[in-house]
Amino acid sequence: MNLRGTVRADRPLVVLAVGEEARYLPPELPVLLTGMGKVNAASAVAAVLAAGPRPALLLNLGTAGALRPGWAGIHEVATVLQHDLDTDLLRTLTGETYGAPLSLAAEGAVLATGDTFVADDAERDRLAQRADLVDMEGYAVAWAAAQAGVPCRLVKQVSDEAGEGAARTWQESVDACARDLAEWAARHVA
């Protein structure tokens, strides 16, 4: 976890997984780098929110794999789910719902979050039945924000096609994705 800048109640806190994605963000924005994966993201966000002050908004920017052909560019997330948690089975076993999908916006993409970097055509096709994009932190950021009562937005830049070769494609595209995310932030973040 790495917090750059000062969290203020009247400003958003920009949350990203790694420095490569945050490289071009304006220096006046407070930025939290959580590290990759759901545990890192949830624990970093929870720690910052517990320490206070709480920001006006948690804005999770980052890269995501496209699960469907033709998906490119930047997308706001309407719904985020965990693709590596069997919510239905857990409900059957316990009668409780764990990890239900979270609704964030009226319109936008469906994001599947899990602790696996998806770089397999079969896995991509399986996930495409439920979502448009895949990442490794979005659900955890949104969940931690919801637990603290802080508004949250997820905005993702497509970096790869979540199939064979996705890791190489991510490495080759992350710098351009970081530039696009910084431009988006300059236009949309007060």
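I began with what pairing means here: two strands pair if DSSP finds at least two bridges between them. I kept in mind throughout that the model I am reading is a predicted one.

**Entry on strand E5 and its partners**

I looked up strand E5, residues 74–82, and went through its neighbours in turn. With strand E7, which covers residues 109–113, E5 pairs in the parallel sense, and I noted 5 bridges there. Within that pairing I found Thr-79 standing opposite Val-110 of E7.

I then turned to strand E9, residues 152–160, which runs antiparallel to E5 and is joined to it by 3 bridges. Here I located Glu-76, which faces Val-155 in E9 as its opposite residue.

Strand E6, made of residues 102–103, also runs antiparallel to E5, and the two are joined by 2 bridges. For Val-80 I recorded Leu-102 as the bridge partner in E6.

**Entry on the cysteines**

How many disulfides does the model contain? I noted a count of 0 disulfides, and I wanted to know why Cys-152 forms none. The closest cysteine sulfur to that of Cys-152 belongs to Cys-177 and lies 20 Å away, which is too far for a bond, since the cut-off for a disulfide is a sulfur pair within 2.5 Å.

Conventions: Residues numbered from 1 in each chain as written. Predicted model: local features only at pLDDT ≥ 70, side-chain atom pairs only at ≥ 80, totals over all residues. Heavy atoms only, no water. Helix = DSSP H or I, 4+ residues; strand = E, 2+ residues; numbered from the N terminus.
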